[in-house]
Amino acid sequence: MFGIPDIEKKSFRNNFINRVAVAGTYKANRSCTAQRQALKDRYSDTLPMQSDSPQQQYRINIDVKTNQTSVDSNVDDSDRQVTLRSKNMQKELTLFNNNFRYHESGVAYSFSTTFDEAVQPAIDYLKEVGVDQLNMMKLQKTNVIGYEMAKQTPEAGPIPAWQPASNLINPRLVPQYEAMLGTAQKIKQHISNIQLNDNDYVLTLKYGFNLTETKQDGSMVKGQVILDLEIERKASITIGAVADELQMMHRELYNAFLWSISENFLNLLNQEGEASA
């Protein structure tokens, strides 16, 4: 898909996944939040930090004669936000009457299979309350590698803050460091964006680097190399097919990840030990 070859799944000792998130939208159904206790019960062990609140709606009124504005607010108790979190706050499910989101961050994410297992009770609940299809579904994985660079001697030239990104991202996607020598030390952030379409699917790649700390004398910089991958299905999908669709999305993001990284990044992953993808 997207012209990116299928790559055999491999085992890696390390991963640099910072956040994984899945989201979907569906036709508004008030039963989604009206029967919220059943959802809370499904996640009472894994997501015990639970809350819900009514949505507040605002309307801005403009008097064309006086040019004055006023704001009306209304609380609709049938339109609620239900939020379920893990005790360490690294897993979160949010449900509305017309969409849901689930994410895992930090060390919470380990395997695509366990991630999917955590999502499945929410999908089962949506089916139970009458949601028969999703209008849109997307999966996002964000990889972040932190780095720190310092001058070896006071006489050394400017720190090449661009170099980690050019070393870790595939050369097909980023200019190599040597091509940026004239301006590399002046760049504080460089995030590129590529979007690929394939029938009902869109793949978005965002990659580059961001400096998080710089000493005024230029002797040290801290930064992050970022590789953010998202696949979105824009066509509807039956609720019973969501599990298979999610597995397919994991595979496509895995392919896109390996297509986007350099041999240096691949070496960091260390192809031994337990798999994480």
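## The pocket and helix 5

Helix 5 gives the largest share of the lining of the largest pocket, with 7 residues. Helices and strands here are DSSP runs (H or I, at least four residues, for helices; E, at least two, for strands), numbered from the N terminus. This is a predicted model, in which local features need pLDDT of at least 70, side-chain atom pairs count only at pLDDT 80 or more, and totals for chains, interfaces and linings use all residues. Residues are numbered from 1 along each chain as its sequence is written, and side-chain values use heavy atoms, leaving out hydrogens and water.

So how much space lies in the largest pocket? It's about 210 Å³, and of its 14 lining residues, K9, Q247, H250, R251 and E252 are the closest to the centre. A pocket is an open set of points on a 1 Å grid over the protein atoms alone where a 1.4 Å probe fits, with protein on both sides within 12 Å along at least five of seven lines; lining residues have an atom within 4 Å of a point. Helix 3 (112–128) and helix 5 (242–260) each supply at least two lining residues.

Helix 5 is mostly covered, with 14 of its 19 residues buried (under 20% relative accessible area; over 50% is exposed, and partly exposed is in between, using a 1.4 Å probe and protein chains only). Its end C-alpha atoms sit 26 Å apart, which agrees with the 27 Å that 19 residues should span at 1.5 Å a residue. That expected span is 1.5 Å times one less than the number of residues.

## A buried leucine

L203 is found in strand 9 (residues 201–214). Is L203 buried or exposed? L203 is buried, as its relative accessible area is 0%. Leaving aside residues up to four places away in sequence, L203 touches F2, I4, I194, Q195, L196, E230, I231, L253 and A256, where contact means heavy atoms within 4.5 Å.

## Aromatic pairs

The count comes to 4 aromatic pairs: rings of Phe, Tyr and Trp (its six-membered ring) pair if their centres lie within 6.5 Å, with planes under 30 degrees apart stacked, over 60 edge-to-face and the rest tilted. F16 and F265 form an edge-to-face pair, 5.8 Å centre to centre with 75 degrees between the planes. That pair links distant parts of the chain, 249 residues apart: F16 is in the segment before strand 1 (17–25) and F265 in helix 6 (residues 263–269). F16 is partly exposed at 21% relative accessible area, whereas F265 is buried at 2%. Ring pairs also link F16, F257 and F265 into a cluster.

Terms used. Grid points are joined across faces, edges and corners, and a volume is the space filled by probe spheres set on the points.
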